[in-house]
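Take a moment with the sequence and the model before reading on.

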Amino acid sequence: MAHTTYDASSPQALKLRKAAGKYIARLRKEAELTQREIAVYLDLDYYTFISQLEHGSGRVPPHLYVRLAECLGIVPEDFVKEMVKYYDPFTYAGLFGQHPYDLSDKELEAAIARTPRKLKDCR
């Protein structure tokens, strides 16, 4: 299927944002961190922003990708690749060949559950 435009309010974009939220929530829980701890690490004024990310109603700002990955103990390159998949599907398709809009629910769930490479003792 040819994808020619991006609409942040489209069903596909909302589905991908929710998948990103599930991915972030899973990584946070595996790292045994609270939303507040992540917000403090990222110098955010409100920990509720992390909740918004996890529920798919917000997006991780690109300038926080690497710091969030480090906080979660994940290799930044892996984390950024996942964020591009969920937040910038056209760039992802250009880089990796598969358009995220074409992923089935089952494939998205598998991506969320996939174990990323961990950093060695980052704390």
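The axes of α5 and α7 cross at roughly 155 degrees and come within 12 Å of each other, where axes are lines fitted to C-alpha atoms, for helices over the stretch in contact, and angles run from 0 to 180 degrees between N-to-C directions. The two helices, α5 and α7, are therefore roughly antiparallel, given that angles under 35 degrees count as roughly parallel, over 145 as roughly antiparallel, 65 to 115 as roughly perpendicular and the rest as oblique. Helices here (H or I, at least four residues) are DSSP runs numbered from the N terminus, as are strands (E, at least two). The model is a predicted one, in which local features need pLDDT of at least 70 and side-chain atom pairs count only at pLDDT 80 or more, while totals for chains, interfaces and linings use all residues. Residues are numbered from 1 along each chain as its sequence is written, and side-chain values use heavy atoms, with hydrogens and water left out.

The crossing of α5 and α7 is left-handed; a crossing has that name if the near helix is turned anticlockwise from the far one by less than a right angle, and is right-handed if clockwise. Glu 82, Lys 85 and Tyr 86 of α5 meet Leu 108, Ala 111 and Ile 112 of α7, contact being defined as heavy atoms within 4.5 Å. By class, this contact has four nonpolar, no polar and two charged residues, where Ala, Val, Leu, Ile, Met, Phe, Trp, Tyr, Cys and Pro count as nonpolar, Asp, Glu, Lys and Arg as charged, and the others, Gly among them, as polar.

Which residues of α7 are buried? In this helix, which spans residues 105–113, they are Leu 108, Ala 111 and Ile 112, with buried meaning under 20% relative accessible area, exposed over 50% and partly exposed in between (1.4 Å probe, protein chains only). These residues lie on the same side of α7 because they cover an arc of only 100 degrees around the axis, the arc being that of the directions from the helix axis to the C-beta atoms. An α-helix has 3.6 residues a turn, so residues three or four places apart point the same way. The cover over the buried residues of α7 includes α1 (11–30) and α5 (76–87).

Helix α5 also packs against α4 (residues 65–72), at an angle of about 120 degrees and with the axes 9 Å apart. The pair α4 and α5 is therefore oblique, and its crossing is right-handed. From α4 the contact uses Tyr 65, Val 66, Leu 68, Ala 69, Glu 70 and Leu 72, and from α5 it uses Pro 76, Phe 79, Val 80, Met 83 and Tyr 87. The residues of this contact divide into 10 nonpolar, no polar and one charged.

Within α4, the residues Tyr 65, Leu 68, Ala 69, Cys 71 and Leu 72 are buried. They are on the same side of α4, because the arc they cover around the axis is only 160 degrees. Among the elements that cover the buried residues of α4 are α1, α2 (35–41) and α5. After α4 comes Gly 73, whose phi is positive, near 75 degrees.

A further partner of α5 is α6 (residues 89–96), where the packing angle is about 125 degrees and the axes are 6 Å apart. That angle makes α5 oblique to α6. Here Lys 81, Val 84, Lys 85 and Tyr 87 of α5 meet Pro 89, Thr 91, Tyr 92 and Phe 96 of α6, and the contact divides into five nonpolar, one polar and two charged residues. Tyr 92, which is found in α6, is buried, with a relative accessible area of 11%. Not counting residues up to four places away in sequence, Tyr 92 touches Lys 81, Val 84, Lys 85, Gly 97, Gln 98 and Pro 100.

Some residues in loops deserve a look as well. Glu 32, in the loop between α1 and α2, has a positive phi of about 55 degrees although it is not a glycine, and Glu 32 is exposed, with a relative accessible area of 70%. Asp 43, in the loop between α2 and α3 (48–54), has a positive phi near 60 degrees, again in a residue other than glycine, and counts as exposed at 60% relative accessibility.
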